[in-house]
Amino acid sequence: MSYRLKFDPDKCVGCYACHIACLDAHHDVEDVDAKSHRTVKKVVKNQFEKNICPGCAHCGICIKACPVQSIYKDPKTGFVLTDKEKCIGCHACEKVCPKDVIHFDKDGKMKKCDGCIERIREGREPACVRVCFPGAITLE
Amino acid sequence: MFFLSEKAIELVGEAKNDIEIMIGMLCAMQLHDEALEYGYEKYMEYILEPSGVTLEELRAHPEGVKVRVIIPPAFKKYEKEGFHTPSGKVEFVSQILERYKDSHGYSGLPEYRDFREVSGMDRETYPLILNTGSRKPQLFHARTYRVPWLAGLEEATLVEIHPEDAKKYGIADGDMVRVSSPVGSICGIAAVYLNSQPGIVHVYHGNAKGEANDLIDRNYLDPISGFPGYKSYFCKIEKEKGEVKA
């Protein structure tokens, strides 16, 4: 089974529920400086502007850009994961990411969406998919 | 189920709940109200009356009390009692406002008066309209600014302006800007926003680092209802130069 996290910008209403669900799934409440794995982008269509919240689609482009092979595809889920120990913080992955969803922790190590792999193992949906009421984020 | 929600903490300073504030004002103004004029406990009893449950029962059962509502809410009361107006009817011409025609200049019939003309404001100095309180999904007045995950979603304080105004005042997306009104001034981050109306500056209220409502004169009130004009005060905007104190 190889998963992809699909995102439909037309359906997204910019409610930020996915951001909060992502923070909740990956952090303790005391972790006040935590950043979600999703991002916020302005889009304009038919003279109407809105914010949308794209996230990692697990396309794997960053795998090829990493000079130290710290990014890899999980064989079971197909999710693109990162090995913090190997990461040298060179930002090469950030430059090639088509969704601008790669960020860095306070130690300069790369952080990205893990597809809520722990939840998947428990037979649950990723947190963002679970809360996205317009159905803009889907697991396929 | 009915629960009594007792105060969670000892009151800080002179803090009171909304109902007690209303009762205090009612007494000070010597007004009469069957629900409020006899104090907080009596008010609670009044509210509970249709349920048949008493305050004592609720206090004795903090886990809640199951009750059957004995007086169901009434609908279409106006068919029997009329409306609460001097004529008992829906009034297109308000008889109450007519009473104050000579003393306050009110008109019984609603009249449109453009606040931009009647305010006497110097529009050359303050050509833009400040709108505070526009909704954002992650913010709710001042309280959610204190929740770091929510406050972290957007840089604050955002000053949203139409692209035409951005061009006119030489402001780019992300620039530090100063919004000033006749009563104050705050610093914020410009956000060029297509959905706004040219001439309007939107700033969400409630941010301790730049409280947009402080820019609105405390005496800028609707002449009849007394409601503050949060959606339409006067301001100007300029690019902030030098050291920024946001």
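Which backbone oxygen lies 2.5 Å from a polar atom of the side chain of B:Ser181? I looked this up in a predicted model, in which local features need pLDDT of at least 70, side-chain atom pairs count only at pLDDT 80 or more, and totals for chains, interfaces and linings use all residues. Residues are numbered from 1 along each chain as its sequence is written, chains are lettered from A and ligands numbered from 1 in the order in which they are written, and side-chain values use heavy atoms, with hydrogens and water left out.

**B:Ser181.** I found that the oxygen belongs to B:Leu215. I placed B:Ser181 in strand β3 of chain B, residues 176–181 (strands are DSSP runs of E, at least two residues, and helices runs of H or I, at least four, numbered from the N terminus). I noted B:Ser181 as buried, at 5% relative accessible area (buried is under 20%, exposed over 50%, partly exposed in between, with a 1.4 Å probe and protein chains only). Leaving out residues up to four places away in sequence, I listed its contacts (heavy atoms within 4.5 Å) as B:Tyr126, B:Leu215, B:Tyr233, B:Phe234 and B:Cys235.

**Backbone geometry.** I recorded a cis peptide bond between B:Ala156 and B:Thr157, with omega about -10 degrees; B:Thr157 sits in the loop between α8 (148–151) and β2 (158–161) of chain B.

Conventions. A polar contact is a pair of N or O atoms within 3.5 Å; within protein, one must be able to donate a hydrogen and the other to accept it, and residues adjacent in sequence count only if both atoms are side-chain atoms.
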